[in-house]
Amino acid sequence: MPLPAQPTALEGVRRLIAYQSAAYARLYLDRLRAVANADQVANAQGKLLKEVARHLAVRMSYEDVVRVAQAKIAPSRMQRIARRNCA
């Protein structure tokens, strides 16, 4: 994977593992492989792949009302908020 796209793809993987599973994140990477090939053929130097990686991760992790509510009440989020309020 071209260097410019690596941080974006890594964040996509993290997001999709949290959203569903490691297998779902692998599907994301599989889909990016075709784009990586097109990026290389077009000599886009990772720019095309970076943008597609960002958009694909967002589309593959659609946030519906239930998901947003789950994120809002997640214990890790509550701990972060409590730490900020105590500081």
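I began with Tyr24, which at 18% relative accessibility counts as buried, where buried means under 20% relative accessible area, exposed means over 50% and partly exposed lies in between, computed with a 1.4 Å probe on protein chains only. I keep in mind that this is a predicted model, in which local features need pLDDT of at least 70 and side-chain atom pairs count only at pLDDT 80 or more, while totals for chains, interfaces and linings use all residues. Residues are numbered from 1 along each chain as its sequence is written, and side-chain values use heavy atoms, with hydrogens and water left out.

I placed Tyr24 in helix α2, helices being DSSP runs of H or I with at least four residues and strands runs of E with at least two, both numbered from the N terminus. Leaving out residues up to four places away in sequence, I found that Tyr24 touches Leu16, Tyr19 and Met60, a contact being heavy atoms within 4.5 Å. I also looked along the chain to Ser76, 52 residues from Tyr24, and noted 23 Å between the two C-alpha atoms.

Ala23 is in helix α2 as well, but with 44% relative accessibility Ala23 counts as partly exposed. From Ala23 to Gln70, 47 residues apart along the chain, the C-alpha separation is 21 Å.

**Entry: the whole chain**

The chain has a radius of gyration of 16 Å, whereas a compact globule of 87 residues would have one near 12 Å; the radius is taken over C-alpha atoms, and the globule rule is 2.2 Å times the number of residues to the power 0.38. Along the principal axes, the C-alpha atoms fill a box of roughly 50 × 30 × 20 Å. Of the 87 residues, 24% count as buried. When I took the contacts between residues at least 6 apart in sequence, 58% of them joined residues at least 24 apart.

**Entry: the core**

Which residues have the most contacts inside the largest nonpolar core? They are Leu16, Tyr24, Tyr28, Leu32, Leu49, Leu56 and Met60, in a core of 15 residues. I noted that α1 (6-19), α2 (22-41) and α3 (47-60) each supply at least two residues of this core. A nonpolar core is here a set of buried Ala, Val, Leu, Ile, Met, Phe, Trp, Tyr and Cys residues joined through side-chain atoms within 4.5 Å. In soluble globular proteins, nonpolar side chains tend to be buried together.

I then followed Leu16, which, not counting residues up to four places away in sequence, touches Ser21, Tyr24, Ala25, Tyr28, Ala57, Met60 and Ser61. Thr8 was my next stop: this residue lies in helix α1 and is buried, with a relative accessible area of 18%. Apart from its neighbours within four places in sequence, Thr8 is in contact with Tyr28, Lys50, Ala53 and Arg54.

The largest pocket has a volume of about 220 Å³, and its lining is made by Arg15, Ala18, Tyr19, Glu63, Arg67, Gln70 and Ala71. The elements that give two or more residues to this lining are α1 and α4 (65-72). A pocket is an open set of points on a 1 Å grid over the protein atoms alone, where a 1.4 Å probe fits and protein lies on both sides within 12 Å along at least five of seven lines; lining residues have an atom within 4 Å of a point. Grid points are joined across faces, edges and corners, and the volume is the space filled by probe spheres set on the points.

I sorted the lining into three nonpolar, one polar and three charged residues, with Ala, Val, Leu, Ile, Met, Phe, Trp, Tyr, Cys and Pro taken as nonpolar, Asp, Glu, Lys and Arg as charged, and the others, Gly among them, as polar.

Where is Asn43 found? I located Asn43 in the loop between α2 and α3, with a positive phi of about 55° although it is not a glycine. Asn43 is exposed, with a relative accessible area of 58%. Gln45 is in the loop between α2 and α3 too; its phi is positive, near 55°, and at 53% relative accessibility Gln45 counts as exposed. Most residues other than glycine have a negative phi.

Finally, I looked at Asn85 in helix α5 (residues 75-86), which is exposed at 64% relative accessible area. The C-alpha atoms of Asn85 and Arg67, 18 residues apart along the chain, are separated by 25 Å.
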